[in-house]
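Student: I would like to learn how to read the features of a protein model, one at a time. Could you take me through this one?

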Amino acid sequence: MKFYTILLILFSVFFCSNAYAKDLDYHNILIAYMSETGDTIYSKFVEDWMKAFRPQIWQQYENDEFALDERKEETKELIARDLKLYNHDDEYIIRTNVEFGDYDFDKAQFSFHPLTTANYYNIKSPWGAGSLPPSFQVSFVNPDIIDGLPMDKKKAKRFVYGRKYCGSINRNLETVIYSKYKSASADYKVKLVISKVQVIDQKDGNRIVYEVVNAPK
């Protein structure tokens, strides 16, 4: 009985959830903004949508009003599909390189601060000006989720020496930030909550050096 219960739980997690991990880009944030704010009257900006996300189609049909009208209806269906697929629990992924600092022997960790309250990402429209938002200013409500890179002294020494070449130390580490939608304002400022951070050593087979998970409340 317990075996079937576990199978049912696994089925629910892997097959019944519609949440996805996706890149933090203009299109994905725009869909989230539209869904969360209820601004889904997309007929008002369908032409600019085509210019931004279907530029080849726009260039091909912009001078043929009859064919263009068909492509507009087609584009509306694509927007409607994207809005339908949106899930509030979708995660957005950012990959960036961050330098770790000196080792603190008292705290047994390297100085490492990938994000601060002052950090934000300015995500611009691929089209530019028009009826679509020109850009989104994306920031995080919990940037202090990671404050240092913990490691015992022996491992820390091996870690640093393994990154040493000709007297210099490569302190760059790939940092992968997973976040979820939190809120947005009318001036296109979007706040995300970080759900997980992975620190990856690309010089060691993309090994995860450190991971922090933000437990849901």
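**Salt bridges**

Tutor: The count for this structure comes to 14 salt bridges, where a salt bridge is a side-chain nitrogen of Lys or Arg within 4 Å of a carboxyl oxygen of Asp or Glu. Please keep in mind that this is a predicted model, in which local features need pLDDT of at least 70 and side-chain atom pairs count only at pLDDT 80 or more, while totals for chains, interfaces and linings use all residues. Residues are numbered from 1 along each chain as its sequence is written, and side-chain values use heavy atoms, with hydrogens and water left out.

Student: Which residue meets Lys 22 in a salt bridge?

Tutor: The general idea is that side chains of opposite charge can pair when their charged atoms come close. Here the side chain of Lys 22 meets that of Asp 90, at 2.9 Å from N to O. Lys 22 lies in strand E1 (residues 21-23) and Asp 90 in the loop between H5 and strand E2 (91-99), so this pair ties together parts that are 68 residues apart in sequence. Helices (H or I, at least four residues) and strands (E, at least two) are DSSP runs, numbered from the N terminus.

Student: Is Asp 90 buried or exposed?

Tutor: Buried means under 20% relative accessible area, exposed means over 50%, and partly exposed lies in between, using a 1.4 Å probe and protein chains only. Asp 90 has 0% relative accessibility and therefore counts as buried. In another salt bridge, Lys 44 pairs with Asp 39, the closest N and O atoms being 3.1 Å apart; Lys 44 is exposed, with a relative accessible area of 51%, whereas Asp 39, at 27%, counts as partly exposed.

Student: Where do Lys 51 and Asp 48 lie?

Tutor: Both lie in helix H3 (residues 46-53), three residues apart, which is about one turn of the helix, and they form a salt bridge whose closest N and O atoms are 3.6 Å apart. Asp 48 counts as buried, at 11% relative accessibility, and the buried residues of H3 are Val 46, Asp 48, Trp 49, Met 50 and Ala 52. Salt bridges can also be linked in a network, as they are for Arg 54, Glu 70, Arg 71 and Glu 74.

Student: At what angle do helix H2 and helix H5 pack?

Tutor: Axes are lines fitted to C-alpha atoms, for helices over the stretch in contact, and angles run from 0 to 180 degrees between N-to-C directions. Helix H2 (residues 26-37) and helix H5 (residues 65-85) pack at about 75°, with their axes 9 Å apart. The contact, meaning heavy atoms within 4.5 Å, is made by His 27, Ile 31, Met 34 and Ser 35 of H2 together with Ile 79, Asp 82 and Leu 83 of H5.

Student: What is the order of the strands in the open sheet of three strands?

Tutor: Strands of a sheet pair through backbone hydrogen bonds, either parallel or antiparallel. Two strands pair if DSSP finds at least two bridges between them. In this open sheet the order is E3-E4-E7, with antiparallel pairing, and the edge strands, each pairing on one side only, are E3 (103-104) and E7 (149-150). E3 pairs with strand E4 (residues 109-110) over two bridges, and Asp 104 stands opposite Gln 109 in E4.
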